[in-house]
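Colleague: I would like to learn how to read the aromatic contacts in a model. Could we start from the overall picture and then work inwards?

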Amino acid sequence: MARELTYWDVLADLRKKQFKPIYYLMGEESYFIDLIADYMEKNVLTEVEKEFNLTVVYGAETDIASVVNTARRYPMMSEHQVVIVREAQAMKNMEELSHYLQKPLNSTILVLCHKHGSLDRRKKLAAEIQKIGVLFESKKLRDNQLPDFIVDYLKQKSVDIESKAAVMLAEYVGADLSRMVGELDKLILTLPADQHCITPVQIELNIGISKDYNNFELRNAIVARDIVKANQIVKYFAENPKSNPMVLTLSVLFNFFSNLMLAYYASVKTDEGIAKQLSLKTSWQAKDYMTAMQRFSGTKVLQIIDEIRYCDARSKGVGNSSVSDGDLLRELVYKILH
């Protein structure tokens, strides 16, 4: 099976000016779709060429027939014309695009941005797009993929980041990639001139996440069964609820223990085997799961997952009208560690 295209694959070809006649950008993660479309809008043509050869329309304001007619025009005083259809999911009768794909103009670069959904890959249109162009699916990143995204994004900016700092950011910001990029750009701007690596200290100073009292450290304390440290963090969270929302803490704990449950089913119980089972990019990311498997039985993990769900329901008022989030979290951590 061929490897799926990543957004870096698509951008790499665009930067080498290796263009295709059609790009169908689709999926649930809008960030990657916008990233590619914005690059093409800004960089394929010169400012002078854009005057006559750049067309940007919205799916709700056009139709396939109009898009195809535009795509069939020849560029003026330029090697290419670029036609971008944003919010293409609003257009009806997308299958009519097949007529154009039988004989597309190589001088036209047609870009369709289909957000919040995907083209059915089993249909003829998907196969036709793949044959002559790029069919790119922008998928939502899983929580365990966020640190890798952070590392990759910063690498493009010639900046490194410590692994702890990457996990802190991933757990604090979550899968909102537009917000994540904003936070990363802010961190880059605050780096001293002689520093090219983002550290937990810098995140604490500029993002407002404590380097010692955060969800990453709480998870580590639980894995290490460090009762004192875990309770110190819970106390800090209770005293600073705005910067440490309960819903985020429960999400981090639920994702970790859900992945830990999956880790028990790995055919090979090594760092590499667990990394493969959980689709982790590097084996070092599996070390916490290996440690946790030694300290929590599979039965205990199932109980913990149930307790997290119960705590989540109570934090939202189900069967609870008076217990604070801090007390709920303190009770949850006690049940996890005992």
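**From the fold to the rings**

Modeller: The protein chain has 17 helices and seven strands. Bear in mind that this is a predicted model. The C-alpha trace spans about 70 × 50 × 45 Å along its principal axes.

Colleague: What share of the 338 residues counts as buried?

Modeller: Of the 338 residues, 47% are buried. The accessible surface of the chain is about 17,500 Å², and carbon and sulfur atoms account for 52% of that surface.

Colleague: Which share of the contacts joins residues at least 24 apart?

Modeller: Take the contacts between residues at least 6 apart in sequence: 72% of these join residues at least 24 apart.

Colleague: And the charges: how far apart are the mean positions of the positive and negative ones?

Modeller: The chain has 43 positive and 44 negative charges, and their mean positions are 4 Å apart.

Colleague: Now the rings. How is a pair of aromatic rings described?

Modeller: Two values are used, the distance of the centres and the angle of the planes. In the whole structure, a search finds 11 aromatic pairs. One of them is Tyr7 with Phe149, with 6.4 Å between centres and 45 degrees between planes, which is a tilted pair.

Colleague: Why does the pair of Tyr7 and Phe149 tie together parts that are apart in sequence?

Modeller: Because Tyr7 belongs to helix 1 (residues 7-15) and Phe149 to helix 7 (residues 146-156), the pair links parts that are 142 residues apart in sequence.

Colleague: Are Tyr7 and Phe149 buried or exposed?

Modeller: The cut-off for buried is under 20% relative accessible area. Tyr7 has 9% relative accessibility, so Tyr7 counts as buried. Phe149 has 3%, so Phe149 counts as buried too.

Colleague: What kind of aromatic pair do Tyr31 and Phe149 form?

Modeller: An edge-to-face pair: the centres of Tyr31 and Phe149 are 6.0 Å apart, with 85 degrees between the planes. Tyr31 lies in helix 2 (residues 30-43) and Phe149 in helix 7, so this pair ties together parts 118 residues apart in sequence. Tyr31 and Phe149 are both buried.

Colleague: Which residues form one aromatic cluster with Phe149?

Modeller: Tyr7, Trp8, Tyr31, Phe32 and Tyr153 form one cluster together with Phe149.

Technical notes: Residues numbered from 1 in each chain as written. Predicted model: local features only at pLDDT ≥ 70, side-chain atom pairs only at ≥ 80, totals over all residues. Heavy atoms only, no water. Helix = DSSP H or I, 4+ residues; strand = E, 2+ residues; numbered from the N terminus. Buried < 20%, exposed > 50% of the residue type's maximum accessible area, 1.4 Å probe, protein only. Contact = heavy atoms within 4.5 Å. Areas by Shrake-Rupley, 256 points an atom, 1.4 Å probe, with all protein chains shown as cover. Lys, Arg positive; Asp, Glu negative; His and termini not counted. Charge placed at Lys NZ, Arg CZ, Asp CG, Glu CD. Phe/Tyr/Trp six-rings, centres within 6.5 Å; stacked < 30°, edge-to-face > 60°.
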